[in-house]
Amino acid sequence: MSQEREVKRMSNSSMTSLIYSAVQTMEQQHEEWKKNHPDEQEEVCPICKGTGLKRIYRDYYGHERSWLHRNDPGTYEYIEPCICVKNIPSQKLINDKSFANVPGLYKDARLDNFRIDIYNKLGDKEAATSAIQHVGFYITHYDEMLTNGIGMYIWSAQKGSGKSRLASTISNELTLKGYRNKFASASTILSEIQAAWSDKSQDEYKIIKNYIKPNLLIIDDFGARSGQAWMDEKFFMILDKRYQDNKPTIITSNYSIEKLPFNDQRILDRLQDIDRFVVVDMPKESVRDKAKNGNQSLYYQMVQAERERREKEKNGT
């Protein structure tokens, strides 16, 4: 281990110890207060005891586990913001969500609501499970991913297989953890650049710089627009500069890297660097219709609940 990495490891360990010590002190103070004020109503959060932080247990892939399994092999203890704090969006969180610009359809996409059960075809449940495990690991170890410029290439030839939702999940989870990131479709990037050609108030290179600057850039539906040399040129400028600056990029596509419809081989060369891009194979099954059916079911459940409520009011019950 290099001296620099060892110093960093020791620094992180020392900081973790300080946090644990602070949480323990605040928990003890709360318990002491309860003993001294038995008749007073408790107004602090019962989970974090007013510290704003809680102990949580996760496995190697970042999935939450019960405290009953805290001593199991492969289970790790973390200190995270309590739900009482998470439920109060800070101005930074509001700004970070706006900056990320995740599509409204996926604004609530999280690791814990990514559904594996809607995949039915042979091998697709396994592929979806593997994909969510990769993403969970990536999010849990994001500091290392960021330091080493490691991104992801999430692909499936099947449209509607969940690629965009999975990429949005990464963005949402990292935003909630305080990591700023930028989400954009490949078509949006090209449209913004193209619009600058006829609008003198827009600066093409400033637009490109806006996609180079973020610590993490997520490009959705890469390869959806292609076939012209200028498109290759602009995408290479963004990807190459981020590559040189050691900044991670996450990409979703309906094409494998080898079959991307770009004529500039340099784009493929960057994406084929296995030290910088983890390739995640998504299922070959579309689940888009199932998601729509789920929304319809929710709608009719709400309608039925409203009917029942009105019926009870009418009958005076």
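This is a predicted model: local features need pLDDT of at least 70, side-chain atom pairs count only at pLDDT 80 or more; totals for chains, interfaces and linings use all residues.

Tutor: Happy to. Residues are numbered from 1 along each chain as its sequence is written, and side-chain values use heavy atoms, with hydrogens and water left out. Helices (H or I, at least four residues) and strands (E, at least two) are DSSP runs, numbered from the N terminus. Axes are lines fitted to C-alpha atoms, for helices over the stretch in contact, and angles run from 0 to 180 degrees between N-to-C directions; contact means heavy atoms within 4.5 Å.

Two strands pair if DSSP finds at least two bridges between them. Strand β4 (residues 151-155) is joined to β8 by five bridges, and the two run parallel; Tyr 153 stands opposite Val 279 in β8.

Now look at the packing around Ile 154. Leaving aside residues up to four places away in sequence, Ile 154 touches Lys 163, Leu 166, Ile 170, Ile 250, Ile 251, Thr 252, Ser 253, Val 280 and Met 282. A nonpolar core is a set of buried Ala, Val, Leu, Ile, Met, Phe, Trp, Tyr and Cys residues joined through side-chain atoms within 4.5 Å, where buried means under 20% relative accessible area, exposed over 50% and partly exposed in between (1.4 Å probe, protein chains only). The largest such core has 30 residues, of which Met 152, Ile 154, Leu 166 and Ile 250 touch the most other members. At least two residues of this core come from each of α4 (124-140), α5 (142-148), β4 and α6, and α4 gives the largest share, six residues. Apart from it lies another core, of 28 residues, among them Leu 190, Met 231, Ile 238 and Ile 267.

Rings of Phe, Tyr and Trp (its six-membered ring) pair if their centres lie within 6.5 Å; planes under 30 degrees apart count as stacked, over 60 as edge-to-face and the rest as tilted. Trp 197 and Trp 230 make an edge-to-face pair, 4.7 Å centre to centre with 70 degrees between the planes. Trp 197 sits in the loop between α7 (186-196) and α8 (204-212), and Trp 230 in helix α9 (residues 229-244), 33 residues apart. Trp 197 counts as partly exposed at 45% relative accessibility, whereas Trp 230, at 14%, counts as buried. The rings of Phe 222 and Phe 235 have centres 5.0 Å apart and planes at 75 degrees, so this pair is edge-to-face. Since Phe 222 lies in strand β6 (residues 217-222) and Phe 235 in helix α9, the pair ties together parts that are 13 residues apart in sequence. Both Phe 222 and Phe 235 are buried.
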